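Have the sequence and the coordinates open as you read.

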Amino acid sequence: MFISTKRPIVIPQSEHAKIAAAIASLWGNKDFEKSNLPHESFVKGVILHDRGFGEHDNHELMSLTKEARLHTLKSGIEQISDDHVADAVTLMHIKRLIEMYPKEEMEELAELCNKTLEEKIQLSGFQKTEYDFADKITEIADDIAFDFSLEENSSGEVCVYKKRGDETITSVTFIIKENVISMTPWPLSVDYYEGSIVGYEKEGYPQSLKAHIIPFFLKK
């Protein structure tokens, strides 16, 4: 879960993923090519990218223990479905997370993730390069959703591919100010989009779910 930096509100991982999924769903215009994976499956894979946490997780993300991290990653790997494309998209994200940690701590988990991912890619009928391209979209979508869910103004930079098959990467800068998210250069199919996620009062969570609607705006 994310703990707001400005008020006693928490945002579960499952809610922050809705922002990431909105960005993935809208990705693509004359300058930025969208993923060639089946659209619904791709977006499903993005919205479930942190599925190991469950619906109302109580893990404070900024101080996650090693044990909790291993448990949530393993759970995310093992929650496979009959949608091979969606699973592969999710597993690409989990693989990227695993690679952020010391190799000796993640060796067994990395082996499980790689084996499951290889199986899912093969079953999906799509090439690994398609998932490499899509994972760049997942990464920027997640980075934005991550920062937004802390409820603080921020900015960042993520490298993506403009077109499938590109050998060079393009840097996209994002800025979050209040509830407005902007990106330069603009990679989405619409200039403006309104959505919302749910946060909960920190006191009593998750046994008591006192909800607050948190709007977000994607604006060119």
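The notes below go through salt bridges, a surface patch, cysteines and two further residues.

This is a predicted model in which local features need pLDDT of at least 70 and side-chain atom pairs count only at pLDDT 80 or more, while totals for chains, interfaces and linings use all residues. Residues are numbered from 1 along each chain as its sequence is written, and side-chain values use heavy atoms, with hydrogens and water left out.

**Salt bridges**

- The model holds 14 salt bridges, each defined as a side-chain nitrogen of Lys or Arg within 4 Å of a carboxyl oxygen of Asp or Glu.
- Glutamate 33 and arginine 164 form one of them, with an N to O distance of 2.6 Å. This pair ties together distant parts of the chain, 131 residues apart: glutamate 33 sits in the loop between helix H1 (13-26) and helix H2 (39-47), and arginine 164 in the loop between strand S3 (154-160) and strand S4 (170-177).
- Helices here are DSSP runs of H or I with at least four residues, and strands are runs of E with at least two, numbered from the N terminus.
- Glutamate 33 counts as partly exposed because its relative accessibility is 24%, and arginine 164 is partly exposed at 31%. The classes are buried (under 20% relative accessible area), exposed (over 50%) and partly exposed (in between), with a 1.4 Å probe and protein chains only.
- Glu33 and Arg164 also belong to a salt-bridge network that includes Glu130.
- Aspartate 87 and lysine 120 meet in another salt bridge, at 2.9 Å from N to O. Here too distant parts of the chain are linked, with aspartate 87 in helix H4 (residues 84-98) and lysine 120 in helix H5, 33 residues apart.
- Are aspartate 87 and lysine 120 buried or exposed? Both residues are buried.
- Lysine 30 pairs with aspartate 31, and their closest N and O atoms are 3.2 Å apart. Lysine 30 is exposed, at 70% relative accessible area, whereas aspartate 31 is partly exposed at 34%.

**A negative surface patch**

- Glu104, Glu105, Glu107, Glu108 and Glu111 make up a negative surface patch. A patch joins residues with over 30% relative accessible area and no salt bridge, like charges within 9 Å and nonpolar side chains (Val, Leu, Ile, Met, Phe, Trp, Tyr) within 5 Å.
- Glutamate 108 is part of helix H5 (residues 103-124), and its relative accessibility of 68% is why it counts as exposed.

**Cysteines**

- How many disulfides does a search of the whole structure find? The search finds zero, a disulfide being a pair of cysteine sulfur atoms within 2.5 Å.
- Cysteine 113 is buried, at 1% relative accessibility, while cysteine 159 is partly exposed at 31%.

**Two further residues**

- Phenylalanine 217 belongs to strand S7 (residues 211-219) and is partly exposed, with 22% relative accessible area.
- Glycine 165 lies in the loop between S3 and S4 and counts as exposed because its relative accessibility is 72%. Glycine 165 and threonine 129 are 36 residues apart in sequence, with 7.8 Å between their C-alpha atoms.

How values were computed. Areas by Shrake-Rupley, 256 points an atom, 1.4 Å probe, with all protein chains shown as cover. Lys, Arg positive; Asp, Glu negative; His and termini not counted. Charge placed at Lys NZ, Arg CZ, Asp CG, Glu CD.
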